[in-house]
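Please open the model in your viewer and keep the sequence panel beside it. The tour below moves from one selection to the next and says what is to be found at each stop.

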Amino acid sequence: MGNVSSEIVSRSEAAKGRPTPMKVSDKHYVLGNPMEGPWPSHLEKIIFANGCFWGSEKGAWRLPGGGIYSTAVGYAGGYTPNPTYEEACSGRTGHTEAVQVIYDPAKISLTDILRWFWESHDPTQGMGQGNDRGTQYRSGLYYFDDDQRKLCEASKKSYEKALKKAGKGMGDKITTEIVAASEFEKEGAKVFYYAEDYHQQYLAKPKARPYCSAQPQSVSLPPYEEWTPK
């Protein structure tokens with residue numbers, strides 16, 4: 001809904017936002033763990049965007065192995081502090097709909113999460129995914145250390161080759177933005193802002209409206225051994 005622009009708004013033209021964070025439930029509706037940090041020290045975090053966040057979050061919390069500790073939907077990679085859904089959809093905040101994943105690397109690796117990420121949408125579609133068009137639906141990965149960066153970039157390169165070999169994807173190249181979270185966390189800003197509580201774990205709640213516009217390409221990410229970062 002809303003914005004269908006192919007240009008991300010500039011920082012100077014972005015909506016002003018507000019200092020007050022969105023209020024979300026204390027506990028995850030499905031997993032029962034906290035929705036907000038501080039997180040136990042053995043856990044790690046990654047933020048991704050691959051289309052409408054309702055279906056993306058459900059895919060993440062359902063990953064096998066018990067390694068997903070908590071998930072949340074929100075707005076990432078933009079400028080406006082604590083944007084509303086309507087503001088994000090207008091394209092005036094610079095954000096994309098995203099999912100924050102808190103995971104236990106002893107139970108599930110980032111490689112496994114990235115495999116699901118790439119295979120669950122078409123990362124060549126630029127500013128949109130399926131029927132959802134606009135900068136707020138662009139594909140993105142936001143990492144927190146250099147090891148995560150290497151995995152994100154190496155898996156992107158490998159998956160791009162796999163898509164080309166299979167003749168799949170709307171575009172010729174993967175358009176997923178891969179950016180350090182620290183690039184956004186300046187002057188009190190954040191890479192990720194929680195969405196309204198009614199969006200959290202939306203598809204698990206009574207009377208949810210099933211919807212997902214993601215367009216997976218039925219192409220597998222090659223085995224890790226073929227693209228291990230050097």
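Begin by selecting K207, which lies in the segment after β8, and bear in mind throughout that this is a predicted model. The phi angle of K207 is near 65 degrees, a positive value in a residue other than glycine. With a relative accessible area of 86%, K207 is exposed, because the cut-off for that class is over 50%.

Next select S218, which is also found in the segment after β8. Here too the backbone takes a positive phi in a residue other than glycine, with a value near 55 degrees. The relative accessibility of S218 is 71%, and S218 therefore counts as exposed.

Now move to Q201, again in the segment after β8, a strand that spans 192–194. Is Q201 buried or exposed? Its relative accessible area is 2%, and Q201 is therefore buried, the limit for that class being under 20%. To see what surrounds Q201, display H28, Y29, V30, M35, E57, W61 and T71, which Q201 touches when residues up to four places away in sequence are not counted. Among these neighbours, T71 deserves a separate selection: the side chain of Q201 reaches the backbone oxygen of T71 at 3.4 Å.

Finish at P38, which is found in the segment before β1, a strand covering 44–49. Select G37 together with P38 and inspect the peptide bond that joins them, which is cis, with omega at about 10 degrees.

Conventions. Residues are numbered from 1 along each chain as its sequence is written. This is a predicted model: local features need pLDDT of at least 70, side-chain atom pairs count only at pLDDT 80 or more; totals for chains, interfaces and linings use all residues. Side-chain values use heavy atoms; hydrogens and water are left out. Helices (H or I, at least four residues) and strands (E, at least two) are DSSP runs, numbered from the N terminus. Buried means under 20% relative accessible area, exposed over 50%, partly exposed in between (1.4 Å probe, protein chains only). A polar contact is a pair of N or O atoms within 3.5 Å; within protein, one must be able to donate a hydrogen and the other to accept it, and residues adjacent in sequence count only if both atoms are side-chain atoms. Contact means heavy atoms within 4.5 Å.
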